[in-house]
Amino acid sequence: TATAVSDPNEIKKNLIIQLTAPVRWTQSVQQMIADGATSFTEVGPGKVLVGLVNKINKEIETISA
């Protein structure tokens with residue numbers, strides 16, 4: 001759905017669907033920015049995820065730690 005969900009039953013349903021459906025990464029990042037996210041931090045080796053975020057929005061702050 002690319003939107004925040006807090007209902008446990010809805011979360012369970014979404015997790016099941018996620019196993020067989022494509023990831024909506026772009027829409028999820030765009031929704032997080034629309035909801036007020038101002039920076040993204042990738043923890044661990046590599047910088048793949050912050051690179052993807054930068055392709056979606058070049059103005060958002062990204063950190064790889």
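Where in the protein do Glu10 and Lys13 lie, and how many residues apart are they? I will come back to that after the overview.

What you see is a predicted model, in which local features need pLDDT of at least 70 and side-chain atom pairs count only at pLDDT 80 or more, while totals for chains, interfaces and linings use all residues. Residues are numbered from 1 along each chain as its sequence is written, and side-chain values use heavy atoms, with hydrogens and water left out.

First, the fold. The protein has three helices and two strands, arranged along the sequence as α-α-β-α-β. The C-alpha trace spans about 35 × 25 × 20 Å along its principal axes.

Of the 65 residues, 12% are buried, meaning under 20% relative accessible area; exposed is over 50%, and partly exposed is in between, with a 1.4 Å probe and protein chains only. Among contacts (heavy atoms within 4.5 Å) between residues at least 6 apart in sequence, 27% join residues at least 24 apart.

Now the opening question. Both Glu10 and Lys13 lie in helix H1, three residues apart, which is about one turn of the helix. Their side chains meet in a salt bridge at 3.4 Å, N to O. The term requires a side-chain nitrogen of Lys or Arg within 4 Å of a carboxyl oxygen of Asp or Glu. A search of the whole structure finds one salt bridge. Glu10 is partly exposed, at 28% relative accessible area, and Lys13 is also partly exposed, at 43%.

Next, the largest pocket. A pocket is found on a 1 Å grid over the protein atoms alone, as an open set of points where a 1.4 Å probe fits, with protein on both sides within 12 Å along at least five of seven lines; lining residues have an atom within 4 Å of a point. The space in the largest pocket is about 550 Å³, counted as what is filled by probe spheres set on the points.

Its lining has 19 residues, and Thr1, Ala2, Thr3, Gln18 and Ser28 lie nearest the centre. Helix H1 (8–18) and helix H2 (25–34) each supply at least two of the lining residues. H1 gives the largest share, five residues. By class, the lining has 11 nonpolar, six polar and two charged residues.

Key
Helix = DSSP H or I, 4+ residues; strand = E, 2+ residues; numbered from the N terminus. Nonpolar A, V, L, I, M, F, W, Y, C, P; charged D, E, K, R; others polar.
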